[in-house]
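Subject: Structure handover and notes

Hello,

Here is the structure you asked for. My notes on it follow below the entry.

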Amino acid sequence: MIPKTLRRGMFLSPLLALLSGCNTVVMNPSGDIAKQEAQLIIVSVILMLLIIVPVMFLIIWFAYKYRASNKEAAYEPDWDHSTKLELVIWGAPLLIIIVLGLVTWISTHKLDPYRPLDRIADGRPIPASAKPLVIQAVAMDWKWLFIYPEQGIATVNELVVPVDVPVRFKISATSVMNAFYVPELAGMIYAMPGMETTLNAVQNKAIQSIGFSSNYSGAGYSDMRFSYRGVPQGDFDGWVQSVKSAGANLDRAGYLTLEKPSIKEPVRHYAAVDNDLFYRVLNRCVADGAVCMDKMMNDDAKKAREMAMLRHAPQQAAATRLAQANGEVCTTPNDPVKKK
């Protein structure tokens with residue numbers, strides 16, 4: 001006869017079998033930034049468990065010890081205070097909060113996505129001559145465009161980076177807010193139209209995975225995924241050459257066509273891309289005749305300064321006339337006094 005408790009537990013065995021095959025990439029990533037973020041999660045959970053576990057244990061222990069059938073338990077209806085107990089109840093959580101706050105403060109600055117990397121991996125500082133690979137990422141409806149400005153190529157729904165090379169992402173969007181997220185590489189960062197966000201990261205081993213948008217953005221959100229690969233430098237150079245030899249050209253007209261909403265867009269390669277395309281995407285002036293946002297804001301600021309000067313000019317003129325009438329304005333005589 002199988003015990004009742006064991007029979008109940010047997011219903012969980014299929015679930016445990018499914019969980020055993022899960023790829024917990026968030027807690028076991030291959031990029032240095034993502035690894036540090038996973039370690040921060042582990043440290044934070046352990047610190048919180050230092051309070052949660054004893055409290056859960058004490059709940060069970062108190063319920064057992066002071067049960068109604070236990071006649072040997074002390075009965076003290078007038079007890080209301082214990083200095084030692086108060087110190088433990090308030091002191092232990094306070095210490096944990098202080099430590100957790102310190103760890104969070106340090107990690108927040110150390111893992112700032114805008115902060116340039118200072119190491120490739122633990123114990124491996126970045127050489128002084130190392131130059132990060134710049135990739136411009138654009139969140140579209142509902143696909144991802146990646147521009148490699150130094151290589152002069154672009155891809156749709158495919159991101160390839162070399163191993164052990166710092167990568168600097170410049171991220172923007174076309175219409176609505178999205179979030180760029182590659183669990184193997186680093187934490188997510190938002191992509192917003194008319195704004196540029198930055199993410200510095202590094203891939204530490206060859207990998208084939210996926211990236212996606214982690215912020216709901218409409219009908220095609222669930223399919224807004226892209227292929228992500230980390231490859232050795234030689235393979236990366238070969239991939240760049242293959243894109244240059246087999247891809248089309250991405251100009252402003254082609255971008256406007258690509259920008260139209262589509263779902264489950266296949267991987268595309270572009271052998272050449274306009275040099276200022278990302279600048280125009282960022283400033284929302286890809287279409288002919290559109291005024292770039294930075295120029296518009298600069299013109300508005302210039303007009304505001306001119307209007308402010310015009311508003312103050314009559315006041316200054318009136319003040320000058322009043323001062324002249326009162327003899328308070330010093331003027332240089334036309335005939336200088338000759339020295340004797």
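Are Tyr 148 and Phe 236 buried or exposed? In this predicted model, Tyr 148 is buried, and Phe 236 is buried too.

Aromatic pairs

There are 14 aromatic pairs in the structure. One of them is made by Tyr 148 and Phe 236; the pair is tilted, with 6.2 Å from centre to centre and 45° between the planes. Because Tyr 148 belongs to strand β4 (residues 144-148) and Phe 236 to helix α5 (residues 233-246), this pair ties together parts that are 88 residues apart in sequence.

A second pair to look at is Phe 180 with Phe 226, which is stacked: the centres are 5.8 Å apart and the angle between the planes is 5°. Here too distant parts of the chain are linked, since Phe 180 is in strand β8 (residues 178-182) and Phe 226 in strand β12 (residues 225-231), 46 residues apart. Both Phe 180 and Phe 226 are buried. They also belong to one aromatic cluster, together with Trp 144, Phe 146 and Phe 169.

Charges over rings

Two arginines are placed over aromatic rings. Arg 67 lies over the face of Tyr 64, 4.3 Å from the ring centre. Arg 225 has its charged end over the ring of Phe 212, at 5.2 Å from the centre of that ring.

Strand pairing around β12

Strand β12 has partners in both senses. With strand β6 (residues 158-162), β12 runs parallel, and five bridges join the two. Within this pairing, Val 161 stands opposite Gly 230 of β12. With strand β11 (residues 207-213), the pairing is antiparallel and extends over six bridges.

Backbone points to check

Which peptide bond is cis? The bond from Asp 141 to Trp 142 is cis, with omega near -10°. Trp 142 has its place in the loop between β3 (133-139) and β4.

Two residues other than glycine have positive phi values. For Asp 164, phi is near 65°; this residue lies in the loop between β6 and β7 (167-173). Asp 164 has a relative accessible area of 24%, so it counts as partly exposed. For Lys 264, phi is near 55°, and the residue is found in the loop between α6 (252-258) and β14 (268-273). Lys 264 counts as exposed because its relative accessibility is 61%.

Val 273 is in strand β14. With a relative accessible area of 12%, Val 273 is under the 20% limit and is therefore buried. From C-alpha to C-alpha, Val 273 is 5.9 Å from Asp 251 in space, while the two are 22 residues apart in sequence.

Cavity and pocket

How many cavities of 30 Å³ or more does a search of the whole structure find? The search finds one. The largest cavity has a volume of about 70 Å³. Its lining includes Ile 33, Gln 36, Lys 110, Leu 111 and Asp 112. Also in the lining of this cavity are Arg 115, Pro 116, Leu 117, Asp 118 and Arg 119. By class, the cavity lining has four nonpolar residues, one polar residue and five charged residues.

The largest pocket holds about 600 Å³ of space. It is lined by 20 residues, of which Leu 58, Phe 62, Trp 79, Leu 85 and Ile 89 are the closest to its centre. The elements that contribute two or more residues to the pocket lining are α3 (32-65) and α4 (83-110). As for the classes, 17 residues of the pocket lining are nonpolar, one is polar and two are charged.

If you open the model with these notes, the pair of Tyr 148 and Phe 236 and the cis bond from Asp 141 to Trp 142 can be looked up by residue number.

Regards

Conventions: Residues are numbered from 1 along each chain as its sequence is written. This is a predicted model: local features need pLDDT of at least 70, side-chain atom pairs count only at pLDDT 80 or more; totals for chains, interfaces and linings use all residues. Side-chain values use heavy atoms; hydrogens and water are left out. Rings of Phe, Tyr and Trp (its six-membered ring) pair if their centres lie within 6.5 Å; planes under 30 degrees apart count as stacked, over 60 as edge-to-face and the rest as tilted. Helices (H or I, at least four residues) and strands (E, at least two) are DSSP runs, numbered from the N terminus. Buried means under 20% relative accessible area, exposed over 50%, partly exposed in between (1.4 Å probe, protein chains only). A charge sits over a ring if NZ of Lys or CZ of Arg is within 6 Å of the ring centre and within 35 degrees of the ring normal. On a 1 Å grid over the protein atoms alone, a cavity is a set of points where a 1.4 Å probe fits but cannot get out, and a pocket is an open set with protein on both sides within 12 Å along at least five of seven lines; lining residues have an atom within 4 Å of a point. Grid points are joined across faces, edges and corners, and a volume is the space filled by probe spheres set on the points. Ala, Val, Leu, Ile, Met, Phe, Trp, Tyr, Cys and Pro count as nonpolar, Asp, Glu, Lys and Arg as charged, and the others, Gly among them, as polar. Two strands pair if DSSP finds at least two bridges between them.
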